[in-house]
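Here is a short report on the chains of one model. Please look over the sequence and the structure before reading on.

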Amino acid sequence: MKPAPFAYHRPSTVAEAAQLLAATQGKILAGGQSLIPIMSMRLASPAALVDLNHVPGLAAIDVTSTAVHIGALTRHAALEANDAAYLANPLLRRALRHVAHATIRNRGTTVGSIVHADPAAEMPAVLRLLGGIVEAVSSERGHRSIDSADFFVGPLESALQPDEVAVAATFPHPPGGSGSSWAEISRRHGDYGLVGVGSLVVLDEGRRITSASVCLISVGGTPVLVDVTDASSGTTYDAVDWTAALELVDAAIDPESDIHATAAYRRQLARVLTGRALAQATADAIARVAA
Amino acid sequence: MTTKMFGQRVPRVEDPRLLSGQGRYLDDLGHDALEVAFVRSPHAHARIVDVDVSAALDVEGLVAIYTYDDLDGRTTEPLPLLIPHPALTHGRTPYALAKDEVNHVGEAIAMVVASDRYVAEDVVGLIQVEYELLPAVVGIERSRDGGDLVHADVPGNVAATMVQEVGDAATMIAAAGHRATLSLSIERSASMPMEGKGVLARWDPDDESLLMHTSTQTSTSVRQAVAAKLSLPVDRVEVVTPDVGGGFGVKIVHPWPEEILVPWAALRLGQPVKWVEDRREHFVSSAHERGQLHEVEFGYDDDGHLRGLSVRFWHDNGAYTPYGLIVPIITSTQLLGPYKPGAYRVEFQSLYTNTVIVTPYRGAGRPQGCFVMERVMDAIAADLGLDRTVVRERNFIQPEEMPFDHGLIFQDGRPLIYDSGDFPASLAKLKALVGWDDFESYRSAARAEGRQVGIGVACYVEGTGVGPYEGGHLRIETDGSVVVSTGLTTQGQGHQTMLAQIVADELGVSMDRIRVTTGDTRRFKYAVGTFASRTAVMSGSAVALTARKVRAKALRIAANALEASVDDLEIVDGHVQVKGSPGSQIDLGAVAVLSNPLRYAFDAGATRATQFAAPADPSVPPVPENDQPGLEGTDYYSPLRSTFANGMHAVVVETDPETAEIKILRYCVVHDCGTVINPMIVEGQVHGGVAQGVGGALYERMEYDAAGQLLNASYMDFLMPYASEVPHIEIDHLETPSPLNPLGVKGAGEAGVIPGSAAIAAAIEDAEGFAIAAMPISPSELFELRRRHAGR
Amino acid sequence: MTTASDPASAEALHDVTLTVNGVFQQLRVPARRLLSDALRHDLRLTGTHVGCEHGVCGACTVLIEGRPTRSCLVFAVSADGASITTVEGCLEPDGTLGDVQQAFQDCHALQCGFCTPGFITTITAYLEDHPNPTEDEAREAIGGNLCRCTGYQNIVAAVVRAAEIRRERTAT
């Protein structure tokens with residue numbers, strides 16, 4: 001299990017990286033935690049790798065008044081540990097704790113995970129739930145922002161073009177009065193989730209639910225965002241009945257059977273975890289309002 | 001007095017080396033060797049039409065590509081069938097490189113030797129093999145129906161059919177007041193040591209000798225096999241087992257194709273050659289175990305006494321049978337556990353499939369047998385409304401019935417006679433440990449919280465320390481240090497520590513003066529191997545006997561030097577002294593000097609043994625008749641038959657009513673391995689076994705599709721438990737010494753894994769209220785079972 | 001970054017400098033050389049073991065800039081300039097067993113020893129941030145490393161014991 005040979009390029013600027021990527025038709029190497037195993041198994045043998053690890057400035061975490069901005073080299077662990085990001089948007093840390101094991105998070109990058117677009121991965125779903133953005137640069141067409149709604153195209157397939165370098169991602173802060181949660185069940189601790197559910201619930205001043213949404217992983221080819229506001233809106237937090245929300249989720253997902261779980265079991269988990277995630281997010285909203 | 005070491009929690013002497021990164025595992029050796037990778041079949045069953053290497057020949061760093069046609073002499077023959085058996089009428093073994101047919105994904109077709117592994121894999125990718133696909137036979141049902149054949153000359157895919165019977169089971173079952181049947185299955189898992197296999201071979205053309213390192217559980221037998229296959233005189237071949245990163249059974253199989261091919265290539269190329277198995281290779285070209293289907297029929301009386309038991313089972317042996325029928329024979333005999341079955345009939349068929357070979361994995365057929373027998377006990381209890389432990393107690397062999405002869409032939413070809421054990425006492429300890437009698441109140445309290453819990457128990461007996469023999473060599477050096485060797489190998493069980501403890505007590509020397517070597521044929525040439533929980537029993541006894549022999553010689557020489565009677569001497573802390581008169585003493589180093597009459601003095605100490613040093617009796621030669629120079633000895637231990645350890649596990653689980661997640665809340669073990677040499681090591685063995693039992697019950701399985709592709713050949717998808725999946729384990733010991741060996745020990749290595757699936761299935765069944773007949777079980781499967789039962 | 005061509009190979013070689021266990025090291029390796037192989041076979045620091053080569057088992061875990069990282073999931077060339085600690089670097093300066101290593105012996109937390117280096121490095125780093133872990137925290141801390149021998153129970157105990165030893169050693 002050794003990778004095939006490849007040409008190695010080490011740019012020192014994003015522009016150089018984009019240029020090299022276009023010229024070599026290679027792949028970007030950032031954390032490498034998904035790429036290197038598939039190269040070692042020779043399931044992927046890119047002719048060239050463009051290593052971002054020596055480009056300065058890409059590891060920043062910027063927490064502004066509206067969003068958490070991260071760079072292409074922001075490691076999962078750094079984002080998870082960042083208190084400002086947690087205060088502004090606790091969902092990031094909550095979901096990151098389910099991303100593989102801590103050792104993988106030390107090297108793996110959040111942007112890389114998003115770009116990898118694994119339908120079982122957490123951070124693509126978080127980006128989608130929050131309506132985030134991926135920033136991409138190509139040497140030919142320059143910079144563009146890709147909305148998360150357009151970014152995830154299929155399993156392991158994103159809207160990123162082969163010559164584009166994903167240089168950053170933006171996670172907008174959830175609105176005031178909101179709460180969030182991440183619920184997931186995996187076979188072993190640290191494995192990809194059999195099903196995972198991120199949830200965002202927004203309350204108004206009367207503690208009525210004004211919006212509620214969930215984003216699920218491992219139940220379709222891309223993260224499945226379901227707006228369940230209609231199933232609950234106007235109800236106060238303590239009177240809410242999520243049953244209709246569960247039906248909306250059930251209708252929206254299309255899980256498959258694999259060696260770890262049947263489709264029916266995944267549907268069951270989707271229902272149970274959606275219920276749990278919405279309840280936790282609601283409780284979180286209450287707690288944050290109280291705080 | 002020297003502190004007694006036997007029975008103490010002595011820290012391991014192996015550890016400082018292993019902890020500081022100074023271990024030497026196979027791939028830590030031979031950095032400059034050429035490296036090997038294999039072209040392996042991507043198909044489960046196919047004829048090889050053509051192997052085209054032309055595209056690969058220009059790769060820089062390529063040294064050689066070999067296919068079957070390049071082999072010569074006895075390397076062209078099929079690999080040995082290691083354990084023939086009269087019932088194995090259709091045994092088949094593979095060729096070192098596939099000749100014209102491949103029978104499982106992963107079977108080696110071509111060997112590439114290159115400057116390093118990276119390059120070797122590049123070459124592998126460029127070799128084109130043309131196949132003609134044949135139907136793949138996957139799974140026991142598919143094999144059993146016999147529609148397609150794995151081997152064209154093996155009708156019905158049946159390698160063997162074997163029957164053993166004691167009494168007339170059919171009649172006894174028919175006459176019993178109650179009768180029932182069960183269909184039970186267990187799926188494949190694998191040993192899966194953290195280090196895969198590996199071979200390094202160096203041919204010395206000047207010495208015309210081969211030095212081979214291999215990550216094996218038997219170096220002596222690999223030596224014999226390699227010498228035979230390469231047509232080398234045995235004394236020109238030495239096999240050394242370096243540090244081994246776990247075995248658990250898979251490394252007892254030998255010679256693996258690579259163990260023949262790597263030295264063959266080294267000899268041919270005149271350069272060191274190394275192959276290190278990678279994880280993917282390990283999944284598809286090593287060995288698996290456990291896959292069996294069982295049909296059970298039994299009769300019992302109103303009190304729950306088993307009157308007759310009839311078991312038919314089908315064993316999936318994979319593509320070949322190099323290890324014979326050991327696994328199904330063990331299932332068929334050890335299934336009985338601590339119970340008297342009344343009459344017993346067992347029949348099994350060993351079936352070929354187009355999958356990886358099946359050979360012993362820790363427990364070796366016992367987990368399946370235990371699962372069957374314990375399901376029977378639980379079924380009787382459920383039917384009669386009896387406490388599950390009561391039914392077990394009623395069927396136990398009683399301590400006063402020892403030795404107990406089951407009237408069957410065990411895996412060593414010798415009678416199945418239990419030598420020791422007190423099953424009622426063990427169960428009483430277990431019930432106390434887990435709080436069996438209080439469980440219903442715990443269940444009620446949990447239920448009130450909306451939680452669903454269950455408890456299960458499972459008992460086993462394990463034949464350990466099977467023969468034929470092991471040996472030991474021990475020498476006291478002139479510096480007083482003690483050098484010990486035994487031929488069998490070590491894969492992490494702390495053998496060096498355990499054997500040093502035995503020697504320390506026998507000889508009266510401190511642990512730090514003792515060095516133990518295992519698995520090095522340069523040091524000890526006669527041995528069998530490490531398997532069947534046999535090292536403490538076999539090599540422990542052999543080394544103890546050897547130490548006694550050397551001690552006797554030391555006392556004899558010292559008595560002469562001290563002008564005292566042997567009976568008045570003792571050895572304390574490396575010194576032979578007259579009892580009660582410690583002033584009159586001689587250290588063992590000096591005794592070693594005196595044991596070797598010298599002409600030449602090489603240092604001051606040696607002077608004592610030279611010919612003019614002291615007046616000698618001119619009427620006897622310097623080395624008396626029937627004596628030898630040196631303070632050393634060799635001895636062997638060969639038992640009449642196996643010794644039988646036993647144990648009982650109780651498990652408390654919680655199953656989530658919504659998600660069907662299965663959580664182990666408590667895992668309790670009572671373990672009887674006779675006298676314990678090092679409780680710390682024994683507990684470690686139990687912990688590790690239980691973890692593999694939990695893995696086999698809840699996480700691990702080999703997922704083959706109908707075409708014979710192993711779908712989960714990676715650690716991503718073959719779910720070995722992490723720390724987060726293994727419960728805290730509570731252990732109590734019962735010591736009933738074995739009367740069969742000088743130490744009273746019984747094996748401990750495999751024990752922990754045996755009752756895992758049985759006990760966990762019982763606990764889930766207790767929590768859920770419906771029968772569990774197949775293991776392992778995942779949350780998804782439990783969910784589907786619930787749906788099926790709810791739909792009824 | 002200088003790049004050379006090995007006369008015997010079409011593959012480009014890259015100069016890489018690493019500080020391994022405090023020692024400055026220079027290597028010349030192909031781009032595809034995994035850090036695990038570079039440590040083991042180029043620098044002959046064979047204490048770092050390779051168990052799966054796909055980042056799941058954790059046996060190859062080393063500390064890069066103090067952080068536990070799978071060395072089989074890093075190309076050596078990409079780690080250029082990094083400071084790395086392997087199990088060999090977890091010894092005390094006088095060559096005696098480090099706190100985690102000593103705890104492993106005390107608690108019988110290893111059997112075959114193959115997975116052990118990955119645990120030692122992981123725990124060494126963990127204790128920097130968590131000087132007094134509970135048993136549950138200890139179990140979580142080792143949750144990304146596979147061991148096939150021990151059942152983890154004694155490793156959990158060793159994490160707690162290592163913290164004790166570290167406190168004792170820093171107190172004296």
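Two strands pair if DSSP finds at least two bridges between them. Helices (H or I, at least four residues) and strands (E, at least two) are DSSP runs, numbered from the N terminus. The model is predicted: local features need pLDDT of at least 70, side-chain atom pairs count only at pLDDT 80 or more, and totals for chains, interfaces and linings use all residues. Residues are numbered from 1 along each chain as its sequence is written, while chains are lettered from A and ligands numbered from 1 in the order in which they are written.

**A sheet in chain A**

Chain A holds an open sheet of five strands, paired antiparallel in the order S4-S5-S10-S6-S7. Its edge strands are S4 (61-63) and S7 (142-147), and each pairs on one side only. From one strand to the next, the twist averages 20°. S4(A) runs antiparallel to S5(A) (residues 67-71), and three bridges join them. Ile61(A) stands opposite Ile70(A) of S5(A).

Helix H1 of chain A (residues 14-24) packs on this sheet, where it touches S6 (133-138) and S10 (164-172) of chain A. Two residues are in contact if their C-beta atoms, placed from the backbone, lie within 7 Å. The direction of H1(A) makes about 130° with that of S10(A). Axes are lines fitted to C-alpha atoms, for helices over the stretch in contact, and angles run from 0 to 180 degrees between N-to-C directions.

Ala23(A) lies in helix H1 of chain A. Is Ala23(A) buried or partly exposed? Ala23(A) counts as partly exposed, because it has 13 C-beta neighbours inside 10 Å. The cut-offs are 20 or more other C-beta atoms within 10 Å for buried, 12 or fewer for exposed, and in between for partly exposed, with C-beta atoms placed from the backbone. Ala23(A) and Ser113(A) are 90 residues apart in sequence, and their C-alpha atoms are 24 Å apart in space.

Chain C has five helices and six strands. From the N terminus, its elements run β-β-β-α-β-β-β-α-α-α-α. Its radius of gyration is 17 Å, close to the 16 Å that the globule rule gives for 172 residues, so chain C is as compact as a globular protein of that length. The radius is taken over C-alpha atoms, and the rule is 2.2 Å times the number of residues to the power 0.38. Along the principal axes, the C-alpha atoms of chain C fill a box of roughly 55 × 35 × 25 Å. Of its 172 residues, 66% count as buried.

In the interface, 48 residues of chain C are in contact with 45 residues of chain B. Helices H2 (99-106), H3 (116-129) and H5 (153-171) of chain C each give two or more residues to this side. H5(C) gives the most, with four residues.

**Domains of chain B**

An automatic or database domain assignment sets the bounds below.

| Domain of chain B | Residues |
|---|---|
| Domain 1 | 32-134 + 191-285 |
| Domain 2 | 292-466 + 640-791 |
| Domain 3 | 468-595 + 630-637 |

The centres of domain 1 and domain 3 of chain B, taken over C-alpha atoms, are separated by 38 Å. Their contact takes 17 residues from domain 1 and 16 residues from domain 3. On the domain 1 side, helix H5 (219-229) and strand S11 (237-240) of chain B each supply at least two residues. H5(B) provides the largest share of that side, four residues.
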